[in-house]
Amino acid sequence: MKILIVDDHPIVRAGLRRLLAADPAAEICEAADAREALHRFREQRPTLVVLDLNLPGLGGIEVIARLKIADPEAHILVLSMHDDYIHVTRALQAGAAGYVSKNAPPEELLEAVRRVAGGHTYIEHEIAEGLVFASLRTSQNPLDDLSPRDLEMLRLLAQGRTLPQIADTLGIAYKTAANGSSRIKTKLGASGTADLIRIAIRAGLVAGLVDPDADPPAAPSEG
């Protein structure tokens, strides 16, 4: 079984390699970003892709879509720090067959690897429970109206990318990127790029960024 690990953190890749190498039949390769992942996938045709969503440049949702274009039968398991409704549902809609958070126990990850590599689906138990309750809510998340490509553009905008840079990253024309930005603003009721960035940060689309309008954390008490 060939497994392609896609994560931009060397420590994470090394840990996954050690965990998955417990199966003597596993042949493991790695990629640190989207372009390397797509190249290795076309070159080696792995049985399973274990994919992080927070990648530099092209994001994980877009990578899933491109992997499925390259091979509609591709088996993709997302392993992400995000366990919220938006990230999980969009990854599954893009073509992932499984979703596990990085907080899941190793045993559950190995079970997910076995099932997705075997052509089945798997969602971490706690995430699946959350999806059920999220589907029962009456209030609609405004990001629900965004397509996977819209979400990727929103993520790149929140990272500070310009429209020409976004067009280059996604491989689309500048006019297409500009029209997409305008469409996203309309869907989200945003007056400008600053509003889009705030929305993206609040939705957790970009790791490590803090909402500038959020209340600062309380100072630790003395004694």
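Modeller: One term before we start: a residue is buried when its relative accessible area is under 20%, exposed when over 50%, and partly exposed in between. Also, keep in mind that this is a predicted model.

Biologist: Let's go to A173. Is A173 buried, partly exposed or exposed?

Modeller: A173 sits in the loop between helix 8 and helix 9. Its C-alpha atom is 9.7 Å from that of L163, a residue 10 places away along the chain. The relative accessible area of A173 is 44%, and since the in-between class runs from 20% to 50%, A173 is partly exposed.

Biologist: What about the helices on either side of that loop? Is helix 8 roughly parallel or roughly perpendicular to helix 9?

Modeller: The axes of helix 8 and helix 9 (residues 174–188) come within 8 Å and cross at roughly 110°. Angles of 65 to 115 degrees fall in one class, so helix 8 and helix 9 are roughly perpendicular.

Biologist: Which residues of helix 9 does helix 8 meet?

Modeller: Helix 8 passes helix 9 in a right-handed crossing. The residues of this contact divide into six nonpolar, one polar and no charged. From the helix 8 side come L163, P164 and A167, and they meet, in helix 9, Y174, A177, A178 and S181.

Biologist: Helix 8 also packs with helix 7. Is helix 7 roughly parallel or oblique to helix 8?

Modeller: Helix 7 (residues 148–158) and helix 8 (residues 163–170) have axes 10 Å apart and pack at an angle of about 135°. The roughly perpendicular class ends at 115 degrees and the roughly antiparallel one begins over 145, so helix 7 is to helix 8 oblique.

Biologist: How many charged residues are in that contact of helix 7 with helix 8?

Modeller: The crossing of helix 7 and helix 8 is right-handed. In helix 7, R149, E152, M153, L156 and L157 do the meeting, while helix 8 brings I166, T169 and L170. These divide into five nonpolar residues, one polar one, and, as for charged residues, two.

Biologist: T169 turned up there. Is T169 buried or exposed?

Modeller: T169 is found in helix 8. Leaving aside neighbours within four places in sequence, T169 is in contact with R35, G57, L58, R66, L156 and R161. Its relative accessible area is 9%, and as the cut-off is under 20%, T169 is buried.

Biologist: Back to helix 7. Which helices are included in what covers its buried residues?

Modeller: Helix 7 is mostly covered, with nine of its 11 residues buried. Those residues are D150, L151, E152, M153, L154, R155, L156, L157 and A158. Their cover includes helix 3, helix 4 (85–94), helix 8, helix 9 and helix 10 (193–202).

Biologist: And which residue with a positive phi follows helix 7?

Modeller: Helix 7 spans residues 148–158. With a phi near 90°, the residue that follows this helix is G160.

Biologist: How many nonpolar residues does their contact have?

Modeller: Helix 2 passes helix 3 in a right-handed crossing. A34, L38, F41 and R42 in helix 2 meet V63, R66, L67 and A70 in helix 3. Of these, no residue is polar, two are charged, and the nonpolar ones number six.

Biologist: Last, a strand. What is the relative accessible area of V78?

Modeller: V78 has its place in strand 4 (residues 76–80). Not counting residues up to four places away in sequence, V78 touches L51, L53, I64, A91, A96, G98, Y99 and V100. From V78 to I123, 45 residues apart in sequence, the C-alpha to C-alpha distance is 9.5 Å. V78 is buried, with a relative accessible area of 0%.

Terms used. Residues numbered from 1 in each chain as written. Predicted model: local features only at pLDDT ≥ 70, side-chain atom pairs only at ≥ 80, totals over all residues. Heavy atoms only, no water. Axes fitted to C-alpha atoms, helices over the stretch in contact; angles between N-to-C directions. Helix = DSSP H or I, 4+ residues; strand = E, 2+ residues; numbered from the N terminus. Parallel < 35°, antiparallel > 145°, perpendicular 65-115°, else oblique. Left-handed = near helix turned anticlockwise from the far one by under 90°. Contact = heavy atoms within 4.5 Å. Nonpolar A, V, L, I, M, F, W, Y, C, P; charged D, E, K, R; others polar. Buried < 20%, exposed > 50% of the residue type's maximum accessible area, 1.4 Å probe, protein only.
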